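Here are a few notes to go with the structure, for anyone opening it for the first time. Have it on screen and follow along.

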Amino acid sequence: MFHWFEQRPFFFAVLVFVFVAFAGIIEIIPDFAKQSRPTVGTKPYTLLELAGRHVYIKDSCNACHSQLIRPFKSETDRYGMYSLSGEYAYDRPFLWGSKRTGPDLMRVGNYRTTDWHENHMMDPASVVPGSIMPAYPHHFTNMADIETAYAEAVTVKKVFNTPYDQEGMPKLGTWEEAQASMLEEAKLIAADMKNQAVKDAVANGQIPEIVAIIAYLNSLK
Amino acid sequence: MQNGAQIEYDYSVAKLFTFATILFGIIGMTIGVILAFQLAFPGLNNLAGEYGTFSRLRPLHTNGVAFGFSLSGIFAGWYYISQRVLKVSLKESPFLMAIAKLHFVIYFITILLAVVTLFMGITTSKEYAELEWPLDILVVVWWVLWGVSIFGLIGIRRERTLYISIWYFIATFIAVAMLYLFNNMEVPTALVSGYGSWIHSVSMYAGTNDALVQWWYGHNAVAFVFTTPIIALIYYFLPKESGQNVYSYKLSILAFWGLLFVYLWAGGHHLIYSTVPDWMQTMGSVMSVVLILPSWGSAINMLLTMKGEWNQLQTNTLIKFMVLASTFYMLSTIEGPIQAIKSVNAIAHFTDWIPGHVHDGVLGWVVFMIMASLFHMVPRMFKREIYSKSLMDTQFWLQTTGIVLYFTSMWIAGITQGMMWRAYDEYGSLVYSFIDTVTVLHPYYTIRAVGGLLYLIGFFMFAYNIYKTITAGRVLDKEPVNATPVAA
């Protein structure tokens, strides 16, 4: 039977496609809608958190840190409640990671503070002796790309109906309003930091990457 | 050919891809060794500011070796093998020749742009699909060009029946096209909102769905970049180099269709104990074990091709490369299913056993087979004898030692880590803090880095040997012929 196909490239290619696509159709499609329903209390990221998430992605933090707590006692003891599907409803892309060179960060906002992260990014071994994480001093001098964060939020609101601007949800507003609200959020974080250059930048209306990424990490609960 | 007329094959594009293979191999593997040393000696992270950290280099390494090195080698193999088993020269069709050259140029530019953008931190963060949307479009363009080349050459063929290698190339083309398109569905945010960076996009899928599509893709990038095209290479080059017929036609059919049918189901094993539905996890686990059958089917078919001719292992280093490649394919395809068993996965997932598994597969199987292919092709394309057989032999043993150091250290590291994470004392508290599980790995990370370095040195030997073959090898008056496949 297969011999017939080996002399007819077109039908051969069609048969290959059917064989390969079969699993995807059966596995992926049925639960697609169900899994994207948010759990109660899950909210989209604020603009500053989104900007921080971009920093997290830019420096591939997910290459070494997972954001997925498996349902084992050893993991819930170490990191907190195991992950639920709906908690990721606003994660585009997902950031589960595939390797834990460092610990899981799914609920890091519950047990680490702004100044801990500040020290950790500047010199990881200063807070965790023996850490093999690189230092990220450039987070203190690079400015976060807040405009792209705004662009993403506007896009997901428009295209995927992400509930921004609804009651009890993060606000977007116009670009001017968005900048003002991001700066306000940044000021709260900078108040807990020691680095004078960062404090000065925020006072001057700028938002360094470190402020954004801390906002994001603090939101992981 | 029956009428005795010799077809004059055109190797210009195969040669271009050969050079690209070596160039991207050197870049990708060098970065890999740097990464390995960074894990053992973290001080090496901040030598080049933000551009030299592990986190920036890691996607560069995976993209560089998978899509730079491996795909170049696969394309080089395609432009060499296709003409021969289809009995047609690229020269006969100016159109297909132009397509092939365009394929190379756009491909090469894409990989260079990938290097630049990843260094800058422009990434979607999805593993092996990190490139942002403008580059994704370029990838689709050269993939389609390759498709035109495949079906174009098949269209003008003189050999009626498609040789096994061609089946695998077709499967590679179709499956990767499907997987890549669906996983890279994204919305450019600047186009929708009018604000922000034009190169930024947001994934079409969210959370668990995104994970599902990503690992459906990610696992099958392994299937259709690291498996099927490499099998295509070995099905041509091993019989050709040894002068033996493929052991069993029936087994090759069974293995081929079996592999295509089962492979995609196995993607779920990346998501065991995650938030995807339980039945998918179980399916991923079970199908991974079933996958042993078609995988070993191909590997056994290859090894038995050497039946009665095992003495060639002593006389022909190239056969050694290919037999070892098949053996590592078997090792890797038994290791994968073991890791996919739920209870083993609970320990292995997130640990160094996973990169260990990937690397015994790619270093032992993919890279060995691609190097062997080039060793076979280069003397025929450039009409020169291999420059140094003893250098080849040294390279073989150096790299084999490197692989063994790599996977043994990572097995130990991974299992150690997995066991330490779950260790409880008699009062029911966790015994180790996370950092304990990191610092304990230092010796294994060092061994792995040394193993990687040996392998890299071997690759430089390979590059040198090929370079000297092309420039200073003894000129052959006619191509070395070892008969079969399809006896030319």
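1. A word on charge before anything else: Lys and Arg count as positive, Asp and Glu as negative, while His and the chain ends are left out. On that basis chain A carries 21 positive and 25 negative side chains, and the centres of the two sets sit 6 Å apart. Keep in mind that this is a predicted model.

2. What is chain A built from? Helices: there are 12 of them, with 0 strands. Reading from the N terminus, the elements go α-α-α-α-α-α-α-α-α-α-α-α. The radius of gyration of chain A is 22 Å, well over the 17 Å that the globule rule gives for 221 residues, so the chain is more spread out than a compact globule. Along the principal axes, its C-alpha atoms fill a box of roughly 75 × 45 × 35 Å.

3. Now for the surface and the contacts. Of the 221 residues in chain A, 59% are buried. The accessible surface of chain A comes to about 9,300 Å², and carbon and sulfur atoms account for 60% of that. Take the contacts in chain A between residues at least 6 apart in sequence: 70% of them join residues at least 24 apart.

4. Have a look at A:P9, which belongs to helix α2 (residues 9-28) of chain A. Is this residue buried or exposed? A:P9 counts as buried, because its relative accessibility is 15% and the cut-off for buried is under 20%. Leaving aside residues up to four places away in sequence, A:P9 touches B:F151, B:I154, B:R157 and B:L162. The C-alpha atom of A:P9 is 52 Å from that of A:Y216, which is 207 residues away along the chain.

5. Next, the aromatic rings. How many aromatic pairs does the structure hold over all chains? The count is 70. One of them joins B:Y128 and B:W215, edge-to-face, at 6.5 Å centre to centre and 75° between the planes. This pair links distant parts of the chain, 87 residues apart: B:Y128 is in the loop between α3 (94-119) and α4 (133-155) of chain B, and B:W215 is in helix α7 (residues 207-225). B:Y128 is partly exposed at 22% relative accessibility, whereas B:W215 is buried at 6%.

6. B:Y387 is partly exposed at 38% relative accessible area, and B:Y464 is partly exposed at 42%.

Technical notes
Residues numbered from 1 in each chain as written. Chains lettered and ligands numbered in written order. Predicted model: local features only at pLDDT ≥ 70, side-chain atom pairs only at ≥ 80, totals over all residues. Heavy atoms only, no water. Helix = DSSP H or I, 4+ residues; strand = E, 2+ residues; numbered from the N terminus. Rg over C-alpha atoms; globule rule 2.2 N^0.38 Å. Buried < 20%, exposed > 50% of the residue type's maximum accessible area, 1.4 Å probe, protein only. Contact = heavy atoms within 4.5 Å. Areas by Shrake-Rupley, 256 points an atom, 1.4 Å probe, with all protein chains shown as cover. Charge placed at Lys NZ, Arg CZ, Asp CG, Glu CD. Phe/Tyr/Trp six-rings, centres within 6.5 Å; stacked < 30°, edge-to-face > 60°.
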